[in-house]
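My notes follow, in the order I looked things up.

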Amino acid sequence: MTGKTTPHEIYVSTDVETDGPVAGRHSLLSIGSAAYAPDKTLLGTFSANLETVPGLLADEHTAKWWATQPAAWAACRQNPEPPAAAMRRYVAWLKALPGRPVFVAYPAAFDFPFVQWYLERYADENPFGYAVIDIKTYAMAVLRQPYRACGKQAMPAAWFDPAPHTHVALDDALEQGALFCNMLAANLARR
């Protein structure tokens with residue numbers, strides 16, 4: 001043994017807003033990330049609104065949903081920047097964190113493919129690798145219940161901080177990051 005220590009994990013709660021359900025077919029409109037230490041200390045945040053990608057088309061069902069969310073739509077269209085600039089800034093932010101980033105989302109199956117596709121296409125690297133935690137799956141393990149029985153409505157009230165779910169990427173990343181850290185604390189307390 002060489003006596004190496006494992007770098008601290010930083011839980012990067014991430015939410016994306018898009019114009020459709022499929023990465024590489026639809027555009028990422030906004031990304032928000034909140035970096036948490038395991039003890040729920042907020043280490044920093046990142047947010048960016050992105051220009052749409054030429055050749056990628058908006059999904060009509062998603063467009064109808066956005067029409068019901070005018071404040072969130074306006075928020076994600078303010079000052080959009082080119083995807084390459086946004087993703088390079090994101091990589092620099094991730095690399096400046098004081099530990100190894102772990103992607104955390106609800107649901108990770110939606111958010112991570114967009115982040116991965118954009119990182120690979122526009123920044124030529126993905127600092128997360130495949131270190132990804134899905135919050136609902138983690139709830140399944142903590143609650144010892146089937147996956148479909150572990151939606152937010154089935155989670156203990158103590159796991160939720162008073163935070164809004166606005167469909168603004170950074171707001172939602174902060175909300176779900178606190179949720180994850182509360183779940184983590186509850187799980188570790190059972191040891």
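Which residue of S2 does Glu17 stand opposite? I looked, and Glu17 stands opposite Ser30 in S2.

**Ground rules**

I am working from a predicted model, where local features need pLDDT of at least 70, side-chain atom pairs count only at pLDDT 80 or more, and totals for chains, interfaces and linings use all residues. Residues are numbered from 1 along each chain as its sequence is written, and side-chain values use heavy atoms, with hydrogens and water left out. For labels I use DSSP runs numbered from the N terminus: helices are H or I with at least four residues, strands are E with at least two.

**The sheet**

I traced an open sheet of 5 strands, in the order S3-S2-S1-S4-S5, with mixed pairing. Two strands pair if DSSP finds at least two bridges between them. The edge strands are S3 and S5 (132–134), each pairing on one side only. On average, neighbouring strands of this sheet are turned by 25° against each other, direction ignored. Angles here run from 0 to 180 degrees between N-to-C directions, and axes are lines fitted to C-alpha atoms, for helices over the stretch in contact.

I then went pair by pair. S1 and S2 run antiparallel and are joined by 8 bridges. S2 (residues 28–36) and S3 (residues 42–49) are also paired in the antiparallel sense, over 7 bridges. In that pair I found Ala48 of S3 as the bridge partner of Ile31, and Ala35 opposite Gly44 in S3. S4 (residues 100–105) and S5 pair in the parallel sense over 3 bridges, with Ala105 opposite Asp134 in S5.

How many residues of S2 are buried? I get 9 of the 9, so S2 is largely enclosed by the rest of the structure. Buried means under 20% relative accessible area, exposed means over 50%, and partly exposed is in between (1.4 Å probe, protein chains only).

Most residues other than glycine have a negative phi, and most peptide bonds are trans. I went looking for exceptions.

S2 and S3 form a hairpin with 5 residues between them, and Lys40 sits in the turn with a positive phi of about 80°. Lys40 is not a glycine. At 29% relative accessibility, Lys40 counts as partly exposed.

His167 also has a positive phi, near 65°. I place His167 in the loop between H5 and H6, and at 22% relative accessibility it counts as partly exposed.

I found a cis peptide bond from Tyr106 to Pro107, with omega near 0°. Pro107 is in the loop between S4 and H4.

**Helices on the sheet**

H4 lies across S1 (9–18), S2, S4 and S5, running at about 90° to S1. H5 packs on the sheet too, touching S4 and S5, and its direction makes about 65° with that of S5. Contact means heavy atoms within 4.5 Å.

**Helix on helix**

Are H3 and H4 roughly parallel or roughly perpendicular? The axes of H3 (residues 83–96) and H4 (residues 108–123) come within 9 Å and cross at roughly 105°, so I call them roughly perpendicular. The cut-offs: under 35 degrees is roughly parallel, over 145 roughly antiparallel, 65 to 115 roughly perpendicular, and the rest oblique. The H3 side of the contact includes Met87, Arg88 and Tyr90, and the H4 side includes Val115, Tyr118 and Leu119. By class I have 10 nonpolar, no polar and 1 charged. Here Ala, Val, Leu, Ile, Met, Phe, Trp, Tyr, Cys and Pro count as nonpolar, Asp, Glu, Lys and Arg as charged, and the others, Gly among them, as polar.

H5 (residues 135–143) and H6 (residues 169–189) pack at an angle of about 20°, with axes 11 Å apart, so they are roughly parallel to each other. I noted Ile135 and Tyr138 among the H5 contact residues, and Gln176 and Leu179 among those of H6. That contact has 8 nonpolar, 2 polar and no charged residues.

**Gln176**

I stopped at Gln176 in helix H6. At 3% relative accessibility, Gln176 counts as buried. Not counting residues up to four places away in sequence, Gln176 touches Ser13, Thr14, Asp15, Val104, Ala105, Tyr106 and Ile135. Gln176 and Ile135 are 41 residues apart in sequence and 8.1 Å apart in space, C-alpha to C-alpha.
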